Amino acid sequence: MKMNELKLVYFSPTGATRKAVMETARNIDLKSVSFDFSVYKEKRPALKFAPNDFVIFGIPVYYGRVPALFMDYLQNISGNGTPAALIATYGCREYDDALLELKTEVENRGFKVIGAAAFPAEHSIVPSIGARRPNKTDLKTIAEYGVELNRRIRKEEDFSKINIQVPGNTPYKKYGKNALFPKADNNMCTLCASCAKVCPTGSIPVKEPNKTDTKKCIGCMKCVQICRQHARSVNSLKMKVIEGKLKKACRSDKEAEIFL
């Protein structure tokens, strides 16, 4: 089958997932088009892909699951026997049921998964865990994943014969309850609204960027990461407790897992 284009569909508030998706795409000999769902949009676009498109879906793992927000976006995305590859990045604990959930959902929406991978990344809440990952060694592994996917789409004539198996269990793990709501220090906030413009959930009002709608916030830490004034932060006591738990549960030497 002659392939048309490479479509990149991803959710990456703090950038690690995007980095993995782009490095994979760099090693695939197709023109690529990106659909970045990391920035909030009230109207979610409907995307339909052809049998000769190749789609890479990329997500960060939240609570061992696909982010609920991305699952909502997937409802407007469909394929037609379209080959797809999966990428999940996770903060050096475990990715639990995320790959299985993503595979099941995209296949239910008309895609055929021909490859899947889970890559360790810097933890979005405690950056010292998996610091600066994906690093050079990780990127080499990610590139090799792209090379193998490229070989597969050029060699295979019938993607329906491929049967990728990924780890995970059903019923899926329950989503954890977000307890981290970054708030602005009014003495430091300049009301520049940089945080509001990049918030993936629209939980920071553009006209009042020193506020946070805790019902919408998913604790992705994008606003904390982007604020040049360091005006946004999480309650220090809550952070200390969560940091202690995460450091016990996470291992910074986690290795990539690839399924082809």
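In the predicted model, Phe35, Phe49, Phe57 and Phe111 are joined into a cluster by ring pairs. Seven aromatic pairs were identified in total. Of these, the pair of Phe35 and Phe49 is edge-to-face, with 5.9 Å between centres and 70° between the planes. Because Phe35 belongs to strand 2 (residues 32-36) and Phe49 to the loop between strand 3 (47-48) and strand 4, this pair ties together parts that are 14 residues apart in sequence. Phe35 is partly exposed, with a relative accessible area of 21%, whereas Phe49 is buried, at 7%.

A further pair is formed by Phe37 and Tyr73, whose ring centres are 4.7 Å apart; the planes meet at 35°, so the arrangement is tilted. This pair links distant parts of the chain, with Phe37 in the loop between strand 2 and strand 3 and Tyr73 in helix 2, 36 residues apart. Both residues, Phe37 and Tyr73, are buried. Elsewhere, the charged end of Arg65 is placed over the ring of Tyr175, 4.1 Å from its centre.

The largest nonpolar core comprises 57 residues, and those with the most contacts inside it are Phe54, Phe57, Phe70, Ile77, Leu99 and Leu102. Elements giving two or more residues to this core include strand 4 (54-60), helix 2 (68-74) and helix 3 (98-108). Strand 7 provides the largest share, seven residues. Apart from this core lies another, of six residues, among them Ala193, Cys195, Ala196 and Ile204.

Beyond its neighbours within four places in sequence, Leu99 contacts residues including Leu86, Ala116, Val166 and Phe259. Thr82, located in strand 6, is buried, with a relative accessible area of 0%. With the same exclusion of sequence neighbours, the contacts of Thr82 include Phe49, Val55 and Phe111.

Note on methods: Residues numbered from 1 in each chain as written. Predicted model: local features only at pLDDT ≥ 70, side-chain atom pairs only at ≥ 80, totals over all residues. Heavy atoms only, no water. Core = buried A, V, L, I, M, F, W, Y, C linked by side-chain atoms within 4.5 Å. Buried < 20%, exposed > 50% of the residue type's maximum accessible area, 1.4 Å probe, protein only. Helix = DSSP H or I, 4+ residues; strand = E, 2+ residues; numbered from the N terminus. Contact = heavy atoms within 4.5 Å. Phe/Tyr/Trp six-rings, centres within 6.5 Å; stacked < 30°, edge-to-face > 60°. Lys NZ or Arg CZ within 6 Å of the ring centre and 35° of its normal.
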